[in-house]
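Trainee: I have a structure on screen and want to learn how to read it. Can we go feature by feature?

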Amino acid sequence: QVQLVESGGGLVQAGGSLRLSCAASGSIFSINAMGWYRQAPGKQRELVARITRGGATNYADSVKGRFTISRHNAKNTVYLQMNSLKPEDTAVYYCNADIVVRTTTYMVDDYWGQGTQVTVSS
């Protein structure tokens, strides 16, 4: 069994910063790509940032230059540093990871965190 535990969400004023963390735990053999998604009221869930095990990254155009994704492979943890936050960034943020689980099959499964609320006031 594998789970993703998120932390770091909260309420912040426009122009402020937050750092989200997501740690995977359980019967993990290895983790491939990890990423952050968000869903604002009335909108579809969208990709915010993604990072491969080797460190290659990609970002949504709306957050380029403001957000930075990183990971600590030995700790099975991914981070999202969010600077210069805007009210438009208000959403529920979800952690995602492609994980090879230590079972008899050792196949890749897609896992999601429970989501954490980020609210940016003007």
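Trainee: In which strand does Arg38 lie?

Mentor: Ground rules come before the answer. This is a predicted model, where local features need pLDDT of at least 70, side-chain atom pairs count only at pLDDT 80 or more, and totals for chains, interfaces and linings use all residues. Residues are numbered from 1 along each chain as its sequence is written, and side-chain values use heavy atoms, with hydrogens and water left out. Strands (E, at least two residues) and helices (H or I, at least four) are DSSP runs, numbered from the N terminus. Arg38 lies in strand 4.

Trainee: Is Arg38 buried or exposed?

Mentor: Start with the cut-offs. Buried means under 20% relative accessible area, exposed means over 50%, and partly exposed is in between (1.4 Å probe, protein chains only). Arg38 has a relative accessible area of 7%, so it is buried.

Trainee: What does Arg38 touch, leaving out residues up to four places away in sequence?

Mentor: A contact means heavy atoms within 4.5 Å. Among the residues that Arg38 touches are Glu46, Phe67, Asp89 and Tyr93. The C-alpha atoms of Arg38 and Asn96 are separated by 11 Å, and these residues are 58 apart along the chain.

Trainee: Zoom out. How many helices and strands does the protein chain have?

Mentor: Zero helices and 11 strands. The radius of gyration, taken over C-alpha atoms, is compared with a globule rule of 2.2 Å times the number of residues to the power 0.38. Here the value is 14 Å, close to the 14 Å that the rule gives for 122 residues, so the protein chain is as compact as a globular protein of that length. The C-alpha trace spans about 50 × 25 × 25 Å along its principal axes.

Trainee: What share of the contacts is between residues 24 or more positions apart?

Mentor: They account for 56% of the contacts with a separation of 6 or more. Buried residues make up 40% of the 122 residues.

Trainee: How do I read a core?

Mentor: In soluble globular proteins, nonpolar side chains tend to be buried together. A nonpolar core is a set of buried Ala, Val, Leu, Ile, Met, Phe, Trp, Tyr and Cys residues joined through side-chain atoms within 4.5 Å. The largest one here has 32 residues, and Trp36, Leu80, Met82, Tyr93 and Ile99 have the most contacts inside it. Strand 9 gives the most to this core, with six residues.

Trainee: Where is Ile99 found?

Mentor: In strand 9. Its relative accessibility is 0%, so Ile99 counts as buried. Beyond neighbours within four places in sequence, Ile99 is in contact with residues including Val2, Leu4, Ala24 and Tyr111. Met34 is 65 residues from Ile99 along the chain, and their C-alpha atoms are separated by 9.0 Å.

Trainee: And backbone angles?

Mentor: Most residues other than glycine have a negative phi. Asn76 has a positive phi, near 55°. Ser84 has one too, near 50°.

Trainee: Where are Asn76 and Ser84?

Mentor: Asn76 is in the loop between strand 7 (67–72) and strand 8 (77–82). Ser84 lies in the loop between strand 8 and strand 9 (91–101). Asn76 is partly exposed, with a relative accessible area of 23%. Ser84 is partly exposed as well, at 42%.
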